[in-house]
Amino acid sequence: MTTGTSGGVWTYALELSRALGHRGVAVTLATMGAPLTSARWAEVRGVPGLSVEQSTWSFEGPGSTWEDLEAAGEWLLELEERLQPDAVHLNGYCHGALPWRRPPLVVAHECPLSWWEAVKGEPAVEADVRYRWEVTRGLRAAGHVVVPTAVMREDLVRHYGPLGPASVIPHARRHEDFPPAQVREPFILATGRLWDEARNLEVLETVAPRLNWPVFVAGELQHPAGGEVRARYVRPLGRLPRRELAGYMGRASLFVMPARYEPFGPAVLEAALAGCALVLGDIPSLREVWEGAAVFVPPDDTDMLAGALRRLVAEPVLCSRMSTLARTRALEFSPDRMASAYLGLYADLDRVSGVASPAQPQLARAT
């Protein structure tokens with residue numbers, strides 16, 4: 001399984017690896033990007049059956065180069081030859097077209113062209129013709145494509161053309177990692193970088209002075225262009241260790257994310273597991289996951305956002321009800337259910353590969 005060493009893809013890969021490990025399935029993570037930190041290694045050691053192969057090639061994304069992606073592809077094929085895995089699970093697009101011995105599973109985590117449309121409000125700019133071509137090749141060569149929402153599947157088809165076999169498998173998190181506090185506290189929590197146009201947290205600077213509760217924002221403060229981001233009305237917490245962030249989520253009464261673009265919303269899932277009532281940007285992907293369990297507002301309508309937050313602050317019974325609805329929905333997205341869905345796909349790909357696999361009966365039993 002390929003992964004970067006930070007961000008949402010790492011969290012997803014670790015969560016799935018843990019759930020698979022509890023089913024007796026060994027996973028090798030092929031990491032790209034920065035070397036694992038001591039904290040990351042500690043996470044790895046807590047996952048049964050998990051091993052790591054590290055590289056320093058860039059993981060597919062805005063910071064990667066074609067030279068890195070090509071070199072990483074050669075390294076991945078060498079790993080496949082050496083490890084002889086029963087399934088190849090790629091958390092990126094471009095390596096899907098490599099000459100694998102078995103058809104790979106390609107998991108879509110984000111779509112830069114959809115991001116541009118949602119954030120900029122205009123058709124996606126063809127800044128990199130090669131990127132679109134390589135993504136298209138990877139998707140069409142995949143034995144199976146997995147997306148976290150049906151909305152994202154539609155986006156991929158719209159930008160890259162028809163897909164082959166594809167399934168929706170939502171992300172998941174362990175509820176034990178996000179315990180609700182006995183008593184909710186009177187504050188509103190958001191997570192992410194204040195300059196992130198997709199997460200759209202800058203609107204909270206306009207809304208915060210109109211609320212009776214403080215708005216805390218947990219996330220990186222160092223801007224990539226240099227300097228530390230400062231806020232006047234929201235209260236930045238900086239980047240918090242995972243356990244400390246879970247503590248804030250467990251105590252917060254409300255979680256707000258007025259996103260313009262979000263393929264699934266892992267942070268929303270974590271906050272919901274911790275018992276927060278949810279106020280979210282009214283976009284199709286978040287509607288798909290949280291319809292009936294969250295309050296939705298147009299991402300850039302600060303009046304509606306302020307009104308929704310003020311109402312939940314003023315009506316504790318409503319806030320408590322929305323908290324219960326959110327947590328009930330969040331508990332549906334269990335790692336065990338996610339692992340079952342992936343094991344079924346691994347077994348299907350194993351059967352159609354034409355390559356003898358001693359693990360096929362094990363994969364079939366695990367499903």
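**Chatting through a predicted fold**

Me: Hi! What's the strand order in the open sheet of 6 strands?
Reply: Hi! In this predicted model, the order is S10-S9-S8-S11-S12-S13, and the pairing is parallel.

Me: Which strands stand at the edges?
Reply: Those are S10 (235–238) and S13 (295–297). Each has a single partner strand, so one side of each is left without a neighbour in the sheet. From one strand to the next, the twist averages 25°.

Me: How many bridges join S11 to S12?
Reply: There are 4 bridges between S11 (residues 252–257) and S12 (residues 277–281), and the two strands run parallel. Across that pairing, Leu 254 stands opposite Ala 277.

Me: Nice. Which strands does helix H12 touch?
Reply: H12 (residues 316–330) packs on the sheet against S11, S12 and S13, with its direction at about 80° to that of S12.

Me: And where does H8 lie?
Reply: H8 (residues 242–251) lies across S8 (185–191), S9 (215–218), S10 and S11. It runs at about 130° to S8.

Me: Changing topic: what is the average pLDDT, and where does it stay under 50?
Reply: The protein chain averages 93, and 95% of the residues score at least 70. The stretch under 50 is residues 358–367, where the model has 17 contacts beyond four places in sequence.

Me: OK, helix H3. What span should its 18 residues have, and how far apart are its end C-alpha atoms?
Reply: At 1.5 Å a residue, H3 should span 26 Å, and its end C-alpha atoms are 25 Å apart, which agrees.

Me: Which of its residues are buried?
Reply: Quite a list, including Trp 66, Leu 69, Trp 75, Leu 76 and Leu 79, along with the charged residues Asp 68 and Glu 80. Among the elements covering the buried residues of H3 are strands S1 (2–4), S2 (27–32) and S3 (50–54), plus helix H5 (129–141).

Me: What happens just after H3?
Reply: Gln 84 takes a positive phi of about 50° there. Gln 84 sits in the loop between H3 (66–83) and strand S4 (89–90), and is partly exposed at 37% relative accessible area.

Me: What about Asn 200: buried or exposed?
Reply: Asn 200 is buried, with a relative accessible area of 0%. Asn 200 also has a positive phi, about 65°, although it is not a glycine. You'll find Asn 200 in the loop between S8 and helix H7 (203–207).

Me: Salt bridges next. How many does the structure hold?
Reply: It holds 26. One of them pairs Glu 134 with Arg 130, whose closest N and O atoms are 3.3 Å apart. Both lie in helix H5, 4 residues apart, about one turn of the helix.

Me: Which salt bridge has Asp 300 in it?
Reply: Asp 300 meets Arg 260, at 2.9 Å from N to O. This pair links distant parts of the chain, 40 residues apart: Asp 300 is in the loop between S13 and helix H11 (302–314), and Arg 260 in the loop between S11 and helix H9 (266–273). Asp 300 is partly exposed at 48%, whereas Arg 260 counts as buried at 17%.

Me: And what does Asp 282 pair with?
Reply: Asp 282 forms a salt bridge with Arg 287, their closest N and O atoms being 2.7 Å apart.

Notes: Residues numbered from 1 in each chain as written. Predicted model: local features only at pLDDT ≥ 70, side-chain atom pairs only at ≥ 80, totals over all residues. Heavy atoms only, no water. pLDDT = per-residue confidence, 0-100. Contact = heavy atoms within 4.5 Å. Pairing = 2+ DSSP bridges. Axes fitted to C-alpha atoms, helices over the stretch in contact; angles between N-to-C directions. Buried < 20%, exposed > 50% of the residue type's maximum accessible area, 1.4 Å probe, protein only. Expected span 1.5 Å × (residues − 1). Salt bridge = Lys/Arg side-chain N within 4 Å of Asp/Glu carboxyl O.
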